[in-house]
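Open the structure in your viewer and keep the selection tool ready. The stops below are meant to be taken in order.

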Amino acid sequence: MSLEETKRKKKNKRKNRLIFRTSILIVMVGAIIFALVSNIQADKTIYQVGDEAPDFELKQINKNNELETIRLSDFKGQGVMLNFWGTWCKPCEEEMPYMQELYPEYKEKGIEIIAVSLDSTELVVNRFIDKYDLTFPIPHDKTGEVRDLYKIGPIPSSIFINPNGKIQRVVNGALSLESLETYFKEILPKQ
């Protein structure tokens, strides 16, 4: 190989390396721009006390309740306890009997409990429902869409919504029978 040919090959290698590095750099810059734009457009709204509770619709899986789907807006005029839970969560399991104990009485007074399950499969939820003989609506949020909408972090988390559809109270953590009853009284419809 001649000296001239060796120089040409080196020059071609440098040129190819430059093209390759430039291509990678362009892809990385594009990915960064995409991430920034996506982040800017993401819904960062955190709903607080006094805000209108955002509407959603989920399939209801509790066979002990006649509703097929749950749409929050269908309960306007009623008080609503929107509870986020999972079968693997011990504090969630501890508060469920309290919710069931108060449900028949407060349902008659105009309060609905909607216990949104964050479990991955319906089978474990159905076993849990049978174990505690739960009768309130239990929609299944298998995609996490409603959890993300409400920006739910730790579970159990409960959002108490007044009859006007406004968030009255947000509680992170398990509820006792007494605190649950106190919060129900805050969202009772006026008779």
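**Stop 1: two crossing helices**

Select H2 and helix H5 (residues 177-186): their axes come within 10 Å and cross at roughly 30°. Axes here are lines fitted to C-alpha atoms, for helices over the stretch in contact, and angles run from 0 to 180 degrees between N-to-C directions. Helices (H or I, at least four residues) and strands (E, at least two) are DSSP runs, numbered from the N terminus. This is a predicted model, in which local features need pLDDT of at least 70 and side-chain atom pairs count only at pLDDT 80 or more, while totals for chains, interfaces and linings use all residues. Residues are numbered from 1 along each chain as its sequence is written, and side-chain values use heavy atoms, with hydrogens and water left out.

Now show the side chains between the two helices. On the H2 side, the residues that meet H5 include Met99, Leu102 and Tyr106; on the H5 side, those that meet H2 include Leu177, Leu180 and Phe184. Contact means heavy atoms within 4.5 Å.

**Stop 2: Gln100**

Stay in H2 (residues 90-108) and select Gln100. Is Gln100 buried or exposed? Gln100 is buried, with a relative accessible area of 14%. Buried means under 20% relative accessible area, exposed over 50%, and partly exposed in between (1.4 Å probe, protein chains only). Leaving aside neighbours within four places in sequence, Gln100 is in contact with Tyr132, Asp133, Leu134, Thr135 and Phe136. Pick Thr135 next: its backbone nitrogen lies 2.7 Å from a polar atom of the Gln100 side chain.

**Stop 3: aromatic rings**

Rings of Phe, Tyr and Trp (its six-membered ring) pair if their centres lie within 6.5 Å; planes under 30 degrees apart count as stacked, over 60 as edge-to-face and the rest as tilted. The count comes to eight aromatic pairs. One of them is Phe56 with Tyr150, which is edge-to-face, at 6.3 Å centre to centre and 85° between the planes. Phe56 lies in the loop between helix H1 (3-41) and strand E1 (57-59), and Tyr150 in the loop between helix H4 (145-149) and strand E5 (157-161), so the pair ties together parts that are 94 residues apart in sequence. Phe56 is buried at 8% relative accessibility, and Tyr150 is buried at 4%.

Move to Trp85 and Phe128, whose ring centres are 4.8 Å apart with planes at 40°, so this pair is tilted. Trp85 is in strand E3 (residues 79-85) and Phe128 in helix H3 (residues 122-132), 43 residues apart.

Last, select Tyr106, Phe160, Tyr183 and Phe184, which ring pairs link into a cluster.

Key
Polar contact = N/O pair within 3.5 Å; in protein donor to acceptor, adjacent residues only side chain to side chain.
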